[in-house]
Amino acid sequence: MPFFDHDGRALHYLERGSGDPLVLIHGLGSSGADWALQVPALEGRFRIIVPDLPGSGHSEPPRAGCSIPGLARALWSLLDHLGAARVNIVGFSLGGAVGLEMALQRPARVRRLALINSLATYRLDHWRKWLEASLSLILIPLIGMRRAAQLVAKRLFPMPWQRLLRERAAAVVSAVPASNYLLTGRALLRWTAIDRLDRLKCKALVIAAENDFTPLEEKRAMAARLGADFVVVRGSRHGTPFDAVRATNSSLLALLTDQPLPPAERWTCDEAAQWHQLPFAGSIAEEHAISAFDMGRAAT
């Protein structure tokens with residue numbers, strides 16, 4: 001089980017593949033296991049580094065409160081420990097905020113940056129942001145993590161053929177301690193990078209779901225300010241790395257290998273026929289679960 005001691009707290013991470021370092025940063029209420037559908041497409045060309053953010057997955061919460069800059073610094077400390085001098089970063093949702101913050105903290109060390117359903121600020125300046133904050137940060141204390149997780153999963157994956165994705169999402173989010181989820185969620189609401197975007201020096205890609213829960217036009221404006229390529233995945237909701245695996249992976253590979261993006265007609269959700277089962281056997285998600293089993297065994 002690989003752990004890194006950051007400021008006296010255990011930070012869990014997994015590695016796969018070889019080549020240029022590529023950091024994959026997960027979203028709120030989840031862990032590095034979420035990248036199971038991307039790692040097989042990337043590990044043949046890259047040294048994949050998949051951390052659990054502090055307070056998520058198998059990583060301990062920060063010692064002195066949570067902030068997006070603090071999460072970014074924790075990952076930079078991990079990368080220094082691993083000897084990853086220049087890196088590529090892919091971040092999803094919360095992970096996109098952390099990844100963008102990392103690139104702004106150390107611009108010369110980031111080669112390429114991909115943001116999936118992420119924003120440059122989560123301050124409550126739009127009614128849809130107010131709605132999302134209310135659904136998570138107000139509902140959880142009222143109804144608990146299990147019921148809140150079920151609601152989140154239904155919104156993420158509402159289609160009948162997405163049942164397995166919906167069940168997995170509900171199980172993953174419901175297992176998160178409410179205190180950790182709320183701590184990180186509140187940190188996200190305090191964060192903004194709007195006034196620092198001109199510091200970014202790397203090549204960038206913004207992937208946005210057509211039906212994401214936060215404003216599409218705000219993501220389009222962020223991409224324009226970053227000089228980033230912009231991909232809108234038709235039919236996708238917030239969980240684009242899950243419900244649009246082909247579009248996500250092909251777009252990421254294009255960025256990371258300096259190739260043209262796939263044609264726009266391929267920027268679509270996956271088809272129902274693909275999801276008769278979740279292809280997690282032997283994946284990084286299974287390795288992540290084994291880490292949890294080993295931790296439990298060590299504790300006894």
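Trainee: In this predicted model, why does Thr 240 count as buried?
Mentor: The relative accessibility of Thr 240 is 0%, and buried means under 20%, so Thr 240 counts as buried. Thr 240 lies in helix 8, residues 240-243, and, leaving aside residues up to four places away in sequence, touches Ile 116, Asn 117, Ile 207, Ala 209, Val 233, Val 245 and Thr 248.

Trainee: What makes the pairing of the side chains of Thr 240 and Asn 117 a polar contact?
Mentor: The distance between them is 2.9 Å, and the cut-off is a pair of N or O atoms within 3.5 Å, one able to donate a hydrogen and the other to accept it. A polar atom of the Thr 240 side chain also lies 3.2 Å from the backbone oxygen of Arg 237.

Trainee: How do you know that the span of helix 5 agrees with what it should be?
Mentor: Helix 5 (residues 163-174) has 12 residues, which at 1.5 Å a residue should span 16 Å, and its end C-alpha atoms are 16 Å apart, so the two agree. Among its buried residues are Leu 165, Arg 166 and Val 173, and the buried residues of helix 5 pack against helix 4, helix 6 and helix 8.

Conventions
Residues numbered from 1 in each chain as written. Predicted model: local features only at pLDDT ≥ 70, side-chain atom pairs only at ≥ 80, totals over all residues. Heavy atoms only, no water. Helix = DSSP H or I, 4+ residues; strand = E, 2+ residues; numbered from the N terminus. Buried < 20%, exposed > 50% of the residue type's maximum accessible area, 1.4 Å probe, protein only. Contact = heavy atoms within 4.5 Å. Expected span 1.5 Å × (residues − 1).
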